[in-house]
Amino acid sequence: MGIEIQGLSYWYDTGVCALKDISLTIQPGECVALLGHNGSGKTTLVKHFNGLLHPSQGVVLINGIPTTERRVAQLAGVVALLFQNPDDQICKRTVWDETAYGPKNLGYANERVREQVNASLSAFDLLTMKERNPHDLSYSERKRLAIASVLAMDTEIVVLDEPTAGLDPREINLLKAAMRQLQSNGKSVVVISHDMDFIAENMLRAVCLENGRKCFDGGVADLFEKHSFLEQCGLLPPQVVQLSSHFNLRLQTLTPKDFIERLVDTIHGHRHGERRRQTP
Ligand SMILES: Nc1ncnc2c1ncn2[C@@H]1O[C@H](COP(=O)(O)OP(=O)(O)OP(=O)(O)O)[C@@H](O)[C@H]1O
């Protein structure tokens, strides 16, 4: 169950081979970062999850059923996909209608639509804008609206393509809270991002693509230790990892909070050691 990909290759009509022999399983409830250079095939891969693209070779199974055997409308009830650019997604005339569009299309009862829309808009601080036209909003407000609309669909699988792009730190914190909620509700979440600080704080597993091939599948902490491999994939480790390595501190931390705690422990440890050495 979840997402199972077996030997997936994909050629665009132009002849570009965007995915090469990818096999991958994402269990229900798992959160996975999908990383790689621009043009490495990340968006092409996730468009296979909701049937926007079908494999040229291989198979993509969602909850055990090949995507080729389901209509896009059926898959939309299981997999919700946030596009990189909110303007590729937004089509309604009010913030409320935009957020209600997905849940209504999925046939949810009015009460459930109202609850989902209310919860999603408040999570992204958009409730006071519910009557506004999305096209009058700022870019970051439209981005938050696009994310809120995807989450309002309450699907088992959520795919977010560059969710932090264009958001300020306060808005990223709203997204982090929403990610925690998704995780505690047992959703599978796939996040495409170049924001390694966000990945370090929110994801445990990472899959990297290079030229359409899978080149890494493992723990985020392991990935961030491979500095030259990351560089090869066009990525930099999170700032705390860079800082640790710059000072040659083997703190193995991924978040600022852990970094400070371990740094304080390390300094205390050193002081203890020195005091012991000084005591005859
Ligand atoms: N509609 C299309 N027609 C032809 N080629 C395409 C199309 N969309 C993407 N490609 C090509 O397929 C390859 C993979 O592109 P894709 O957008 O999946 O990569 P990506 O890793 O998501 O990149 P980015 O990080 O820039 O979004 C690239 O070579 C790209 O130019």
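**A walk through the fold, with a stop at H4**

The protein has eleven helices and ten strands, taken as DSSP runs (H or I of at least four residues for helices, E of at least two for strands) and numbered from the N terminus. Keep in mind that this is a predicted model, in which local features need pLDDT of at least 70, side-chain atom pairs count only at pLDDT 80 or more, and totals for chains, interfaces and linings use all residues. Residue numbers start from 1 along each chain as its sequence is written. The average pLDDT (the predictor's confidence in each residue, from 0 to 100) is 91 for the protein, and 94% of the residues score at least 70.

Zoom out for a moment. The C-alpha trace spans about 80 × 45 × 30 Å along its principal axes. Of the 280 residues, 39% are buried, meaning that 20 or more other C-beta atoms, placed from the backbone, lie within 10 Å of the residue's own.

Now for helix H4. H4 covers residues 110–123, 14 residues in total, and reaches 20 Å from its first C-alpha to its last, close to the expected 20 Å; that expectation is 1.5 Å times one less than the number of residues. Gln116, Val117, Ser120 and Leu121 are buried in H4. Looking down the axis of H4, these buried residues fall within an arc of 120° (judged by the directions from the helix axis to the C-beta atoms), so they line one face of the helix. Their packing partners are helix H3 (95–105) and helix H5 (139–151). Just after H4, aspartate 125 takes a positive phi of about 55°.

Definitions and conventions: Buried ≥ 20, exposed ≤ 12 C-beta atoms within 10 Å, placed from the backbone. Contact = placed C-beta atoms within 7 Å.
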